[in-house]
Amino acid sequence: MADQPKPYKISVPDESLQDLQQRLAVSKFATQLESSEQDPWDFGTPVKEVQRLIDYWKDGFDWRKAESQLNELPQYKMQIEVDGFGSLDIHYVHHINTNKNAIPLLFSHGWPGSFIEVTKLLPMLKGDDSPAFHVVAPSLPNFGFSSGVTRRGFGLAQYAEVLHKLMIKRGYDQYVTQGGDWGFWITRTIGLLYPDHCQASHVNMVLANPPRFTENPWSALQHALLPYNEREEAGRKRNEWFEQEGYGYNQLQSTRPQTIGAALGDSPVALLAWIYEKLHDWTDSYPWTDDEILTWISIYWFSAAGPAASVRIYYEAFHAGISGKSYKELISYVPRVKLGIAHLPREISIIPCSWAAGLGPVVQQKEHSRGGHFAAWEVPNSIIQDLRAMFSKNGPCYGIVLGKDGY
């Protein structure tokens with residue numbers, strides 16, 4: 001039946017591999033402005049790095065090996081009907097825990113990530129220790145091996161609808177969420193639209209407005225009287241750098257996604273340079289291997305909808321409302337859904353804890369000493385520690401899903 005899950009294995013056609021090889025073989029590279037006084041990354045991904053990785057992608061990288069490793073994950077596809085958009089074929093990883101009291105956890109990735117980000121969390125969540133988790137990690141529509149959407153208007157409400165309906169169809173009437181990047185925005189939207197089902201969220205990218213005395217007087221007073229701590233002061237400088245030097249991709253993808261999409265969909269050089277810059281700039285000196293980089297980028301190149309589809313979320317999120325609610329409401333107070341927050345020192349948005357307190361019924365805030373934008377991949381132990389602290393017997397969300405003695 002179409003509405004039943006079907007086991008799935010990634011199997012990129014040989015023709016697609018041959019097409020990639022042909023494109024890599026005729027790659028053309030930009031010139032590099034040389035200067036001994038500047039960081040070569042200041043101009044974007046250095047040409048020498050692009051050339052090196054393209055050569056390895058062509059002559060050394062083994063996609064079939066990476067594909068085989070990815071296929072060790074328990075993967076499925078399921079048809080999800082989206083109001084106004086028909087049926088979408090959604091790819092997802094689904095780890096079912098043997099513990100009968102396991103908590104259903106929905107993991108949402110962002111851009112330029114994918115379902116691959118959950119892979120380092122799964123080994124730590126496989127046991128039946130308390131708290132135990134069932135894990136569902138979809139490829140978002142337009143990403144990875146899920147269907148693409150070519151009709152306009154597929155915004156955050158629709159992404160939230162897909163993920164929520166996937167959880168319901170898998171038998172999880174109540175669940176919790178974890179996400180960063182677009183996973184932050186999507187899980188916030190889920191909390192707004194489906195609060196009877198989404199019981200708690202943990203986020204590792206944090207955006208919020210300064211607290212107001214009329215809404216959160218205690219946090220506003222703290223913000224007004226107390227100086228920034230060391231993390232917050234460093235974060236303020238990090239935010240300034242990102243807004244001045246690192247935000248160009250966002251402006252382009254949220255206003256003219258079809259233009260940059262033409263380059264990303266046609267040229268593996270463009271795709272690699274575009275994504276690798278973010279992997280470098282947004283992490284906390286994470287030691288990327290060439291195989292990791294090319295696996296991430298190959299998932300985009302071989303994606304079901306093509307690389308261009310993934311950047312449409314920026315335009316749609318900024319131009320489409322979420323069921324009549326404003327985009328800014330997602331960084332305001334979302335009631336009913338308990339919230340845990342991870343603050344990471346090399347995130348692209350770093351805010352004071354007093355700001356984050358206004359996002360909802362915050363039950364946990366943790367300031368981590370390491371980590372950047374791709375926390376589940378860079379510092380998976382930190383995400384696991386946060387989840388265990390939230391949902392363990394002595395945690396603020398103990399028993400929140402099942403509503404009984406247990407977790």
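Gly340 stands opposite Gln364, a residue of strand S9, in a model that is predicted rather than determined by experiment. Strands are DSSP runs of E of at least two residues and helices are runs of H or I of at least four, both numbered from the N terminus. Two strands are taken to pair if DSSP finds at least two bridges between them, and S8 and S9 do so in the parallel sense over 5 bridges. Residues are numbered from 1 along each chain as its sequence is written, and side-chain values use heavy atoms, with hydrogens and water left out. Local features need pLDDT of at least 70 and side-chain atom pairs count only at pLDDT 80 or more, whereas totals for chains, interfaces and linings use all residues.

The pairing of S8 and S9 belongs to an open sheet of 9 strands with mixed pairing, in the order S1-S2-S3-S5-S4-S6-S7-S8-S9. Strand S1 (6-7) and strand S9 (362-367) stand at the edges with a single partner strand each, so that one side of each is left without a neighbour in the sheet. Strands of a sheet pair through backbone hydrogen bonds, either parallel or antiparallel. Helix H16 (residues 380-391) lies across S4 (103-108), S5 (133-138), S6 (175-179), S7 (198-203), S8 and S9, and runs at about 145° to S7. Such angles run from 0 to 180 degrees between N-to-C directions, the axes being lines fitted to C-alpha atoms, for helices over the stretch in contact, where contact means heavy atoms within 4.5 Å.

The loop between strand S8 (338-343) and helix H14 (353-356) contains Glu347. Glu347 is buried but has no salt bridge, and the nearest side chain of opposite charge, that of Arg238, is 6.8 Å away. Here buried denotes under 20% relative accessible area, exposed over 50%, and partly exposed the range in between (1.4 Å probe, protein chains only); Lys and Arg count as positive and Asp and Glu as negative, while His and the chain ends are not counted. Apart from neighbours within four places in sequence, the contacts of Glu347 are Asn204, Met205, Arg238, Gly371, Gly372 and His373.

A salt bridge requires a side-chain nitrogen of Lys or Arg within 4 Å of a carboxyl oxygen of Asp or Glu, and by this rule the count comes to 17. In one of these, Glu367 meets Arg231 at 2.4 Å, N to O. Since Glu367 lies in strand S9 and Arg231 in helix H8 (residues 230-246), the pair ties together parts that are 136 residues apart in sequence. Glu367 is partly exposed, with a relative accessible area of 36%, whereas Arg231 is buried at 14%. Salt bridges that share partners also join Asp14, Arg64 and Glu67 into one network. Arg64 is partly exposed at 30% relative accessible area, while Glu67 is buried at 7%. A further salt bridge is formed by Lys77 and Asp89, with 3.6 Å between the closest N and O atoms; this pair links distant parts of the chain, Lys77 in strand S2 (residues 75-82) and Asp89 in strand S3 (residues 86-95), 12 residues apart. Lys77 is buried, with a relative accessible area of 17%, and Asp89 is partly exposed at 23%.

Leu73, in the loop between H3 and S2, is buried at 12% relative accessible area. Beyond neighbours within four places in sequence, Leu73 is in contact with Lys9, Val93, Phe115, Thr119 and Leu122.

Most residues other than glycine have a negative phi, and most peptide bonds are trans. The bond from Trp111 to Pro112, however, is cis, with omega near 5°, and Pro112 lies in the loop between S4 and helix H4 (122-125). Positive phi values are found at Ser285, near 55°, and at Arg336, about 75°. Ser285, in the loop between helix H11 (268-281) and helix H12 (290-301), is exposed at 70% relative accessibility; Arg336, in the loop between helix H13 (312-319) and S8, is exposed at 56%.

The mean pLDDT of the chain is 92, and 92% of its residues reach 70 or more, pLDDT being the predictor's confidence in each residue, from 0 to 100. Over residues 403-407 the pLDDT is below 50, and this stretch has 18 contacts in the model beyond near neighbours in sequence. Where pLDDT is low, the predicted coordinates should not be read in detail.
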